Each structure stands twice: as structure tokens, then as C-alpha cells.
Amino acid sequence: KTAYEIPKRDWSSDVCSSDLSPTRVSPFLSQLIFKINWLRNGDTLVGEVLGRLDSQSLPEFSCLLTDEIKSLELDLASCDYLSSAGIRSLLQAYQLMNTSGRRCRVKNLQPQIREVFEMTGLADILSIAARREVSIEGLELYSRGVCGDCFRLDQDKVLKLYHEGIRPEVAEMEKKLARTAFILGIPTAISYDVVSCGGRMGVVYELLDSSLFSTVILETPGEMDRHAAKHAALARKFHEREADSRILPDRKKKLLANLGEISKELPSDANVFLMQKLLSVPKQDSCLHFDLHSSNLIQDAHGELMVIDMGDLSIGSPLFDLGVIFMIYGIPELGLAQRAAGLPTELGVAYWDHFQRHYFSDSTGASLRNIFERDRFFYGSLRIIHAMTQLPHMRPELSGWLKNILLPKMVALK
């Protein structure tokens with residue numbers, strides 16, 4: 001072809017090599033095809049979209065998708081805008097491939113592009129490849145917890161990366177619940193995207209100019225009372241907010257299901273004891289975090305706290321949240337102050353004493369405190385029971401904690 005001729009139906013013969021080795025398009029043809037670089041590998045055509053997918057892309061698919069192309073794959077890693085014309089273009093490509101039984105899929109969607117796919121229904125039609133892949137090589141480790149690690153992606157974003165073995169849908173649910181929390185007015189960092197890293201899934205959160213709250217506590221232990229007061233105030237703010245069970249899951253119902261799942265690992269009398277205790281917890285519709293410890297909090301430059309982990313956002317009694325905080329800081333035998341929050345065990349115990357004093361400071365808190373104190377080890381066990389169903393690699397250790405440490409302590413308080 002000359003420089004003045006625009007190829008029609010036979011573009012594939014000029015754009016792509018007919019052999020099995022991948023061949024890039026020439027710079028001249030890249031300009032003709034409006035910021036889409038094509039790569040041919042056998043009967044598969046891969047399009048790398050750069051910048052925008054809009055009306056300028058419309059004529060290309062019908063020209064390029066000749067009969068010998070059996071699979072079309074669009075890489076949208078560098079696509080930052082999708083117009084209505086671009087949506088129609090994608091639908092045209094899908095229809096051209098689908099009507100003849102050929103394969104069409106997209107991959108590496110940026111968060112804003114994925115939102116467009118979900119809002120318009122494209123996500124229900126087009127095959128979407130696995131989530132955007134990221135690498136943690138060279139990244140700063142921000143914090144390390146029982147369920148995963150946090151890495152600083154850049155100055156503005158942090159990646160919470162779950163350990164291998166945790167189901168992908170857990171990350172998807174966390175992103176969804178984080179957005180729900182933001183809409184409800186709960187001080188949470190904005191969730192950007194769900195990504196994968198090898199066999200692990202993660203959620204990207206905004207970080208801005210902030211510090212992990214556990215780090216703040218470690219660096220200024222002399223201000224522990226002020227830190228605990230701030231933490232308690234955030235917990236109270238959470239619990240004062242109510243939500244509908246049609247929006248957020250009911251924590252009590254989930255815990256009843258969790259107990260059913262682990263029933264074979266406990267003696268029958270222990271199962272009955274735990275079930276009766278759980279059924280007696282008063283029904284409430286308070287917002288719960290269910291993992292509200294200091295390594296799930298960040299402090300911004302103004303000293304305000306925000307939550308960066310919303311995977312267990314739910315509704316129920318504040319007693320459930322208090323049990324988790326007590327379990328992490330107030331039961332030294334478990335060693336969870338260090339493992340979950342990165343604080344020395346003895347510092348964790350002292351922190352719990354300050355926290356509970358501030359949380360239960362008014363008359364309403366005093367009444368709740370009496371209820372909590374009677375069954376504090378029961379409430380502390382509920383996160384363990386939940387984790388046994390979510391973290392299979394830790395199940396034997398968690399089961400040992402429940403049977404050998406927590407259940408005896410519950411019986412001793414009877």
C-alpha cells in the first residue's frame with residue numbers, strides 16, 4: 001500500500017504477520033488506526049488501546065476481524081477514557097465475533113473503565129480477563145497482618161494484599177463495602193481497584209499524606225491515652241451510625257453460620273454453649289467494622305483517623321466490635337497485638353485499658369460495659385470463629401486458641 005491509501009478489509013495482511021510469531025504494527029499504521037496497536041499471534045488478534053476508546057475506533061473492528069481471526073483480545077491497561085461511541089464499538093466487535101462462535105474478551109481494565117463496564121452492562125456481556133496484575137517488587141512494606149500485607153504503591157495509594165488461599169471474591173466484596181461505608185459517611189479511605197499479584201488478590205486504597213496508626217502509637221507511646229481516646233471516638237462514631245440489612249450483611253446471622261461450619265471441631269456441649277450465647281445477643285443495626293484495630297487505621301496530616309479495611313463491614317451489636325478489639329489487645333496469650341497490630345504484647349494490654357476507659361466513659365457506655373465484661377472472652381472468640389471459616393491455612397492454630405484458651409476462660413467467668 002502507498003502512504004495515501006487507507007486499507008479496507010485486508011488490513012490484517014498488512015498489519016499482522018501471517019506466521020505464528022507476534023509482530024508489532026509499523027508506526028505509520030499505528031497512526032492510521034488511531035491509538036490502537038495491534039499484535040497478531042496465529043489466529044488471535046490483540047489490540048492495545050492507548051488513551052481513548054471512542055468514535056475513531058469504530059471502523060476498525062469490521063475491517064480487521066476477518067474470518068481467520070478466531071479470538072480478539074483488547075488490552076485496556078493504557079485506556080483512560082471510554083466514550084459512548086467506544087462502548088458501541090466494543091459491542092460491534094463482540095457481535096461480529098459472537099455471531100460466528102468466536103471469542104472476544106478484554107483485560108487489564110483501569111478502575112474508571114471497569115466502572116463504565118459495570119454501569120452499562122458490558123461486564124455482563126464481554127468476557128473480562130483476570131484483574132489487573134501488579135508487582136510488589138521494590139515496594140515499601142506498610143504493615144503486616146494476619147490476613148495479608150499492605151504495601152505503599154506510591155505517594156497517594158496503598159495496596160492491601162491478601163495472603164494466598166483467600167478467595168478472590170473476598171477482595172471484590174471489600175471494595176464494594178468500602179464504597180458503601182464512604183456513602184454512609186464513615187471515615188474511610190477511598191477504594192480504587194481490585195488487583196492481582198501472582199496468586200494473591202488485593203485492594204488499592206487512597207493513602208494521601210498519612211501514617212499507619214500502629215506506627216504512630218509505637219513512635220509516641222507517651223501519648224497512648226490520647227491515641228486510645230481517638231480510636232475509641234472513631235469506634236463510637238461507627239456504632240452510632242445505623243444501616244439497613246438490605247445494604248449491609250447482618251453480623252449475627254453470619255456468625256451463626258460460622259458456628260455451624262465449625263461445629264464438628266468442637267465438643268457438642270461447647271457448640272450448645274456458644275450458640276446459646278450468640279442467640280442471646282440483642283439485635284441492633286449499628287454499623288460494625290469487625291476488625292477495628294490500629295493497623296487498619298491511618299492518621300492523616302491533620303490527625304484525623306480513617307479506616308483502610310472494610311471487608312467485614314456489617315450491622316449488629318457494638319459488642320461484636322468490642323470483642324475483636326479486646327481479643328487483639330487484651331488477651332496476651334494469643335499474641336495478636338504483635339501479629340495483627342504490630343505492637344508489643346505488653347503495650348497492647350496497656351492500650352486496651354486506655355481504649356475501654358474512653359469507650360465506656362458515659363452512662364450509656366457504663367451499662368454496655370457491664371454486659372461486655374460478663375462475657376468478654378465469648379465476644380473475643382467470635383472473630384476467631386469467623387476466621388476459622390476464612391483462613392484455612394490457620395484453622396488448626398485458631399481452633400487450638402478457641403478450645404484451649406478462650407473456652408476455658410468463658411467457663412471460668414460463668
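Me: Taking contact to mean heavy atoms within 4.5 Å, which elements cover the buried residues of α10?

Reply: This is a predicted model in which local features need pLDDT of at least 70 and side-chain atom pairs count only at pLDDT 80 or more, while totals for chains, interfaces and linings use all residues. Residues are numbered from 1 along each chain as its sequence is written, and side-chain values use heavy atoms, with hydrogens and water left out. Buried means under 20% relative accessible area with a 1.4 Å probe, protein chains only. The cover of the buried residues of α10 includes α11 (268–279), β13 (286–288), β16 (314–316), α12 (318–330), α16 (376–390) and α17 (395–413).

Me: Which residues of α10 are buried, and what arc do they cover?

Reply: In α10, R251, K252, L255, N258, L259 and I262 are buried. They lie on the same side of α10, because the arc they cover around the axis is only 115 degrees.

Me: How far apart are the end C-alpha atoms of helix α10?

Reply: Helix α10 has twelve residues, 251–262, and at 1.5 Å a residue should span 16 Å. The computed distance between its end C-alpha atoms agrees with this, being 17 Å.

Me: Is V158 buried or exposed, and how far is its C-alpha from that of E206?

Reply: V158, which belongs to strand β9 (residues 157–162), has a relative accessible area of 1% and is therefore buried. Although V158 and E206 are 48 residues apart in sequence, their C-alpha atoms are separated in space by 6.2 Å.

Note on methods:
Helices (H or I, at least four residues) and strands (E, at least two) are DSSP runs, numbered from the N terminus. The expected span of a helix is 1.5 Å times one less than its number of residues. Buried means under 20% relative accessible area, exposed over 50%, partly exposed in between (1.4 Å probe, protein chains only). The arc is that of the directions from the helix axis to the C-beta atoms. Contact means heavy atoms within 4.5 Å.
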